[in-house]
Each structure stands twice: as structure tokens, then as C-alpha cells.
Amino acid sequence: MGIGGSIIDPAFIEEYLGMRVESVDEVEIIRRMTQGIYDEDEYQKALKWTREKCKEGFDKNPEQFRRTDEQKEQDWEFVVKMMCIIKDLMNGNKNLPAGCEEESVGHNAIAAGFQGQRQWTDFYPNCDFPEAMLNTSFDWNGAREPYILATENDVLNGLGMLFMKLLTNRAQIFADVRTYWSPEAVKKATGYELEGVAKQSGGFIHLINSGAACLDACGKATDENGNGVMKPWYDVTDKDIDNILDATTWNYADLG
């Protein structure tokens with residue numbers, strides 16, 4: 001990976017922050033998939049919930065490059081299973097198959113990252129779904145404390161996300177800030193005049209995920225006055241979850 005943020009400095013984390021660093025090769029995810037080292041009941045529950053709650057968005061790829069519906073279904077199964085396995089790696093899971101005592105322990109991880117680019121993502125489905133959902137304040141089991149899982153194993157952003165989560169008890173966003181759009185720039189490029197909050201704020205920033213933002217960031221959770229907010233995870237309600245999921249689409253990755 002060609003970004004400095006992916007270069008882990010164990011001395012900083014271990015000596016300054018007092019946290020242990022462990023590295024796990026990504027092939028461990030494939031090994032666990034291949035050998036069935038995951039919680040089958042949890043996986044089936046997660047897959048059922050994903051099929052019911054996660055809406056598939058448009059596919060931007062040219063027709064000749066698009067995956068078939070059958071291939072896309074296999075990719076959904078892959079990324080859901082991937083998420084279950086990453087949770088097991090971080091937390092451990094006493095419900096893994098017999099003989100998997102070591103894997104059942106997990107790594108007791110307070111934060112993690114997934115390298116992905118480019119060798120993994122050139123060959124396997126990327127980690128956007130596991131990253132987005134783990135960073136979110138809920139999953140198929142309802143509201144829960146968000147995880148910290150940094151895209152591209154970007155340890156610098158991951159540590160920043162960890163600090164903010166511990167300080168605020170809120171989910172954290174992983175996204176790239178590509179551009180700032182002033183009202184004048186929007187008017188010049190599109191002819192549209194900003195209104196509402198965008199106008200009051202003097203424009204907006206354009207986030208394009210090289211990774212996966214928490215779903216909480218869509219602003220569909222609301223406070224007592226109906227304002228869109230990001231809540232502490234323990235205040236997220238079932239209504240918030242439904243509204244957030246309804247506002248979210250999962251679009252197929254760029255295959256170009």
C-alpha cells in the first residue's frame with residue numbers, strides 16, 4: 001500500500017500509548033472460510049438480516065464488466081462471512097467449532113485495520129461492508145458499541161478514530177475529504193444555488209470513501225427536536241436503526 005498511514009510504528013503504539021500490536025495475515029480470513037472456522041448460526045443470522053435490511057444500489061460498471069446476479073449473491077455471502085470472521089478475530093468467539101480453541105480466544109483488540117489494497121481487492125471482494133458495519137453502532141444483533149476498523153490498515157486514522165470513540169461513545173467516520181464546495185463553486189459548476197444547512201454553513205465538503213464510513217453518519221438518527229445527530233451508541237433506538245438502513249444503499253464496487 002502506497003500511503004504512509006499504513007506503516008505501523010509499533011514503538012509509538014506500545015511505548016507511548018501502552019497498547020500491544022499484533023499483525024495477522026489476511027490469508028487467515030480465507031483459511032477460516034475454507035475450513036469452516038466461524039460461527040455458522042451467527043453467519044446465517046447475519047446473512048438473513050443483510051438480505052432483508054441492506055438495499056443494493058446501482059451498479060456503475062459498464063455492462064460488459066458487471067457481475068451476474070448469482071456472482072453478486074456469492075459476493076454478499078463472502079463479505080458477510082468476512083465480517084463475522086473479523087469480529088471473531090477481534091473479540092474471540094466461544095461458539096466456534098470444536099478443536100478451534102486457539103481461534104476462539106481472539107486477540108482482545110480495541111481497534112484493528114484491514115490492509116486490502118491492492119492484492120486482496122484485485123482478487124477478492126473488498127472489505128467495505130465489514131468495515132462500514134463494524135464501525136456502525138448496530139448490526140443484526142441490534143444496537144451495540146461500535147468497533148474501530150480502519151480501511152487500508154490506516155493506523156493513523158484508526159488511532160484518531162479510537163480516541164474519538166473513547167471520548168464521545170459515538171461511531172466514527174472513515175472517509176477521504178476530496179473537495180470543499182463553496183456556494184459560489186456549486187453555482188458555477190451546476191447553476192444550482194445552495195439552500196438550507198449547506199447555504200448556512202457556507203458550503204459543504206465532498207467525502208468519497210476509499211474506505212467505509214459508519215452508517216450513523218447519514219444523519220437519520222434524530223434527537224428530541226428532530227435534528228439529525230450521531231448519538232452515543234447506547235442511545236441508538238430501533239427507529240434510528242430502521243431510518244439509517246432505509247437511507248443507505250450498498251452499491252457494487254468499481255471494477256474498472
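1. Leaving aside neighbours within four places in sequence, Met 82 is in contact (heavy atoms within 4.5 Å) with Ile 29, Met 33, Phe 114, Trp 120, Pro 125, Asn 126, Cys 127 and Pro 130. Residues are numbered from 1 along each chain as its sequence is written, and side-chain values use heavy atoms, with hydrogens and water left out. Because the model is predicted, local features need pLDDT of at least 70 and side-chain atom pairs count only at pLDDT 80 or more, whereas totals for chains, interfaces and linings use all residues.

2. Which residues have the most contacts inside the largest nonpolar core? They are Ile 29, Met 82 and Phe 129, in a core of 39 residues. A nonpolar core is a set of buried Ala, Val, Leu, Ile, Met, Phe, Trp, Tyr and Cys residues joined through side-chain atoms within 4.5 Å; buried means under 20% relative accessible area, exposed over 50%, and partly exposed in between, with a 1.4 Å probe and protein chains only. Helix H2 (27-35), H3, H4, H6 and H10 each supply at least two residues of this core, and H4 gives the most, with eleven residues. Apart from it lies another core, of five residues, among them Ile 148, Ala 150, Leu 162 and Phe 174. In soluble globular proteins, nonpolar side chains tend to be buried together.

3. The protein as a whole has ten helices and eight strands; these are DSSP runs, numbered from the N terminus, with helices (H or I) of at least four residues and strands (E) of at least two. Its radius of gyration, taken over C-alpha atoms, is 19 Å, close to the 18 Å of the globule rule (2.2 Å times the number of residues to the power 0.38) for 256 residues, so the protein is as compact as a globular protein of that length. Buried residues make up 39% of the 256 residues. Of the contacts with a separation of 6 or more, 70% are between residues 24 or more positions apart.

4. In H3, Tyr 43, Ala 46, Leu 47, Trp 49 and Thr 50 are buried. They cover an arc of only 165° around the axis, which puts them on the same side of H3; the arc is that of the directions from the helix axis to the C-beta atoms. The face turned away from this buried side carries the exposed residues Asp 41, Lys 48 and Glu 52.

5. What do the buried residues of H3 pack against? Their partners are helix H4 (69-91), helix H6 (128-134), strand S3 (138-139) and helix H10 (238-246). Thr 50, at 3% relative accessibility, counts as buried; leaving aside neighbours within four places in sequence, Thr 50 is in contact with Trp 76, Val 80 and Phe 129.

6. In H10, Asp 240, Ile 241, Ile 244 and Leu 245 are buried. Seen down the axis of H10, the buried residues fall within an arc of 125°, so they line one face of the helix. On the other side, Asp 238, Lys 239 and Asp 246 are exposed. The buried residues of H10 pack against H3, strand S1 (55-56), S3 and strand S4 (142-143).

7. Met 133 has its place in helix H6 and is buried, with a relative accessible area of 0%. The C-alpha atoms of Met 133 and Cys 214 are separated by 6.6 Å, although these residues are 81 residues apart along the chain.

8. The side chain of Lys 72 makes a polar contact with the side chain of Asp 59 (2.9 Å). A polar contact is a pair of N or O atoms within 3.5 Å; within protein, one must be able to donate a hydrogen and the other to accept it, and residues adjacent in sequence count only if both atoms are side-chain atoms.

9. Some backbone details deserve attention. Most residues other than glycine have a negative phi, and most peptide bonds are trans. A cis peptide bond joins Gln 117 and Arg 118, with omega about -10°. Asn 108, which is not a glycine, has a positive phi of about 50° and is exposed, with a relative accessible area of 72%.
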